[in-house]
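Please read the following report alongside the sequence and the 3D structure.

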2 protein chains.
Amino acid sequence: MIELRKPYLLFVGDISKRLHAKTAFGIRDWSRDSCIGQFRFSNAAVDLGLPDLGPEDAAAQGAGSLVIGVAPIGGQIPAAWHEGLIAAARAGLDIVSGMHMLLADIPGLGEMARASGTRLIDVRVPPRHIPVATGRKRTGRRLLTVGTDCALGKKYTALALTEALRRAGANADFRATGQTGIIIAGSGIPMDAVVSDFIAGAAEALSPDASEAHWDVIEGQGAIYHPAFAGVTLGLIHGSQPDVLVLCHEPGRDHFHSFPDFPLRSLREVADSCLDAARVTNASARLGAVSLNTSSLDDAACAEALERASAELGVPAFDPLRTSMDGAVASILGRHDARAVVMPAVHPISFGGSH
Amino acid sequence: MIELRKPYLLFVGDISKRLHAKTAFGIRDWSRDSCIGQFRFSNAAVDLGLPDLGPEDAAAQGAGSLVIGVAPIGGQIPAAWHEGLIAAARAGLDIVSGMHMLLADIPGLGEMARASGTRLIDVRVPPRHIPVATGRKRTGRRLLTVGTDCALGKKYTALALTEALRRAGANADFRATGQTGIIIAGSGIPMDAVVSDFIAGAAEALSPDASEAHWDVIEGQGAIYHPAFAGVTLGLIHGSQPDVLVLCHEPGRDHFHSFPDFPLRSLREVADSCLDAARVTNASARLGAVSLNTSSLDDAACAEALERASAELGVPAFDPLRTSMDGAVASILGRHDARAVVMPAVHPISFGGSH
């Protein structure tokens, strides 16, 4: 498992467009206590609303890592950033990146990291020596988000449910399977980069034995009927041994993103197929709730979409950005007061970010 | 795609146990025309029944590669082999290995290969730059073997069906997805070593567009309900876009190999689940036949097992080592003379090897 050293100094550098700082905003929103400051080259750069700090001051205040949460187009690390990253390594910070370009390819950075005893961590690169799955049933409880497609709210839903379960008194941890999630959580495994024979094994390693009342809330990946990425999804389901699945969907999306010839399956089909897969390793797996990304709908259409999804699946429906999750949490925890549907706009939103 | 240079000089070295030369025998049996000779250190070594040749003589007779088809316990390449492998590289042969130890780790071999312009090919290592799957429907026809478990005859069945389709006048090629299959075919992709985001993309690359009457017969991997390896299976199904599935099973096997707590599903469940997956990328996918490994059964029990499997699935049943495949071939080709079941021991076996 990748393990990061918190707290973070969030690197902004010279990035001036909010869109290119999406990951940094997500980290700030979901892991605010872990963010000690932002490192900007000038006031023209995006402001995350965190204290401006240079690497040395951040290190003096206890920062463990500099995190690159911005991405210029192309995924390369600009030469203008090199000096700042080397300064961070010199100050004793680990350098954490989700970019395609590897940190070790920055001239001089590897040498500085070795000299100062810090680490260069590319969160797209999985840990070595992941074992083959054993299928051994682990202790503790697990929730996995699954979806009708990619990129419609599986990470956001898992993060929001982790917070909601905690508010309801449960002991819950978010388990990250993608790069942004890993930085937010401070640990995780980038599932899509794991060699295919080891997907289920990686998922087993991600959520180890825990106390019986503890919930691991696992970030889903891909989609079981996705023409390109379903293998990741199935291995993640098997290795996660989920007690509860939460199905994520975006009403109005009728085909797979970037695959216009491939229509989405019905919520019922996707739920049944995921449950069938989950029961390979956990015979008591059940559907706990359905999470909708209703950002394109007005309140009336949102309420109707939630009611329809809840009726189709027989579980509570919610939008983590828009509605209460109380019914879903009760259903997940197996409490009797689970309501089938919660109407929009009755609950204050605690966290920002986007789907 | 990995592409090997045939014909082969099969390396036996000092291996004296037939069990440790299983891959070499498989290559000889399934790709006899590609085997120019065997390279043994002495007459005490296993005899594949091929001419004894040293690397220089083999190269003079046109050999393209030396293939290591033997495996001492542990998967390491013994020091006693190094001189012979370096001599083969010096003679201009590519060196092909399916061992866990990489060829480049043999002292002096990399230098010799560079000096003589030959290649070191580890068939466990997938090619670079495999693309993400597109789902684009390709021309030509495809058959994929699937199984209730690993290690019960998916490769053997695919090889036997390729030969049977050719005997029936069809234009067919075996498409390899594992190391032994890749050496037999001379090309292929080791699916279980591909990064999980690219499994379906690798399967697409493995069986490119072909003429409409051409059949690619694709070696299956894993099993859709397997607790460790199902991700590979699902990605392979999606990327292969199979017109026809052939389900492989070993009667009497009641749980997954090495997973005693995981019972096998019924043939019907496995077939339905694989067909549901196949129809994501090929709406007309159908089950063509069922292949049984009946090596542990007497003739009466074999006949009963074939009848039962055929009745359960409504397609012809066969054992590629024991029965005619005429009914299966007719079913696969969509011919009207497809018979439901063919009794054992009525057809001469053309090829050796083991399941």
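Leaving out neighbours within four places in sequence, Leu247(B) is in contact with Val146(B), Gly147(B), Leu267(B), Val270(B), Ala271(B), Leu287(B), Val290(B) and Leu313(B). Two residues are in contact if their C-beta atoms, placed from the backbone, lie within 7 Å. The model is predicted: local features need pLDDT of at least 70 and side-chain atom pairs count only at pLDDT 80 or more, while totals for chains, interfaces and linings use all residues. Residues are numbered from 1 along each chain as its sequence is written, and chains are lettered from A and ligands numbered from 1 in the order in which they are written.

Leu247(B) is among the residues with the most contacts inside the largest nonpolar core, which has 228 residues. A nonpolar core is a set of buried Ala, Val, Leu, Ile, Met, Phe, Trp, Tyr and Cys residues joined through C-beta atoms within 7 Å. A residue is buried if 20 or more other C-beta atoms lie within 10 Å of its own, exposed if 12 or fewer, and partly exposed in between, with C-beta atoms placed from the backbone. In soluble globular proteins, nonpolar side chains tend to be buried together.

## Chain A

Chain A has eleven helices and 15 strands; these are DSSP runs (helices H or I, at least four residues; strands E, at least two), numbered from the N terminus. The radius of gyration of chain A, 20 Å, is close to the 20 Å that the globule rule gives for 355 residues, so the chain is as compact as a globular protein of that length. That radius is taken over C-alpha atoms, and the rule is 2.2 Å times the number of residues to the power 0.38. Of the 355 residues, 56% count as buried. Of the contacts in chain A between residues at least 6 apart in sequence, 73% join residues at least 24 apart.

An automatic or database assignment sets the domain bounds: domain 1 of chain A covers 2-122 and domain 2 covers 141-333. Their centres, taken over C-alpha atoms, are 29 Å apart. In the contact between them, 13 residues of domain 1 meet ten residues of domain 2. On the domain 1 side, α1(A) gives the largest share, four residues.

Asn282(A) lies in the loop between α9 (267-278) and β14 (286-292) of chain A. Asn282(A) counts as partly exposed because it has 18 C-beta neighbours inside 10 Å. Beyond four places in sequence, Asn282(A) is in contact with Gln241(A), Pro242(A) and Asp243(A).

## The two copies

A rotation of 180° with 0.0 Å of shift along its axis superposes chain B on chain A, with an RMSD of 0.0 Å. The copies are thus related as by a two-fold rotation axis. The superposition is by least squares on the C-alpha atoms of residues with pLDDT of at least 70 in both.

The contact takes 28 residues from each of chain B and chain A. On the chain B side, α8(B) gives the most, six residues. Because 100% of the interface residues of chain B are also interface residues in chain A, the copies meet through the same surface.

| Domain 1 of chain A, touching domain 2 of chain A | six residues | five residues | two residues |

Notes:
Ala, Val, Leu, Ile, Met, Phe, Trp, Tyr, Cys and Pro count as nonpolar, Asp, Glu, Lys and Arg as charged, and the others, Gly among them, as polar.
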